[in-house]
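Please have a look at the model first.

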Amino acid sequence: MNLPAFATSLGWDDKEVLPRLRALDLTEPCARCAGTGFYDRFEGTKCFRCVGHGDQLPKLTLALAREVAVRVVRGGLKPYFRVKRAARESSA
């Protein structure tokens with residue numbers, strides 16, 4: 001499954017997929033930096049693949065979409081939305 005199809009199946013925008021999967025703890029460690037977030041540990045350069053987050057999108061499958069749906073129904077994104085709302089209110 002490609003990213004647009006995966007996002008559509010969940011009713012999300014493409015740009016929302018990775019942050020929301022992070023919030024649900026459903027990402028994989030970055031293959032480039034092995035989950036450290038650094039391209040070069042000695043110089044402290046941020047990994048260009050994960051932009052310093054240390055994770056990346058997992059393989060987008062129907063089983064993953066089902067797991068996401070289950071976690072969302074159980075309230076897994078509530079803390080994520082609280083943080084987003086607080087950030088939006090503080091910038092206004």
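Let me begin with Arg-20, which, once its neighbours within four places in sequence are left aside, is in contact with Trp-12, Leu-77, Tyr-80 and Phe-81, where contact means heavy atoms within 4.5 Å. Arg-20 sits in helix H2, and at 10% relative accessibility it counts as buried; here buried means under 20% relative accessible area, exposed means over 50%, and partly exposed is in between, with a 1.4 Å probe and protein chains only.

Before I go further, a word on the source. This is a predicted model, in which local features need pLDDT of at least 70 and side-chain atom pairs count only at pLDDT 80 or more, while totals for chains, interfaces and linings use all residues. Residues are numbered from 1 along each chain as its sequence is written, and side-chain values use heavy atoms, with hydrogens and water left out.

As for the overall layout, the chain has four helices and four strands, and from the N terminus on its elements run α-α-β-β-β-β-α-α. Helices (H or I, at least four residues) and strands (E, at least two) are DSSP runs, numbered from the N terminus. The C-alpha trace spans about 40 × 35 × 20 Å along its principal axes, and of the 92 residues of the chain, 26% count as buried. Among contacts between residues at least 6 apart in sequence, 58% join residues at least 24 apart.

Arg-32 lies in the loop between strand S1 (28–29) and strand S2 (38–40), and it is partly exposed, with a relative accessible area of 38%. Leaving aside neighbours within four places in sequence, Arg-32 is in contact with Tyr-39, Cys-47, Phe-48 and Arg-49.

I turn now to helix H3, residues 62–73. Its 12 residues should span 16 Å at 1.5 Å a residue, and its end C-alpha atoms are 17 Å apart, which agrees; the expected span is 1.5 Å times one less than the number of residues. Which residues of H3 are buried? They are Leu-64, Ala-65 and Val-68, and because they cover an arc of only 100° around the axis, they lie on the same side of H3, the arc being that of the directions from the helix axis to the C-beta atoms. On the other side of H3, Ala-63, Arg-66 and Val-73 are exposed. The buried residues of H3 pack against helix H1 (3–10) and helix H2 (17–23), and H3 is followed by Gly-75, whose phi is positive, near 90°.

The axes of H1 and H3 come within 10 Å and cross at roughly 35°, where axes are lines fitted to C-alpha atoms, for helices over the stretch in contact, and angles run from 0 to 180 degrees between N-to-C directions. On the side of H1 this contact is made by Phe-6, Ser-9 and Leu-10, and on the side of H3 by Leu-64, Ala-65 and Val-68.

Finally, helix H4 (residues 78–91) has 14 residues and reaches 20 Å from its first C-alpha to its last, close to the 20 Å expected at 1.5 Å a residue. H4 is hardly covered, in that the count of buried residues among its 14 residues is one.
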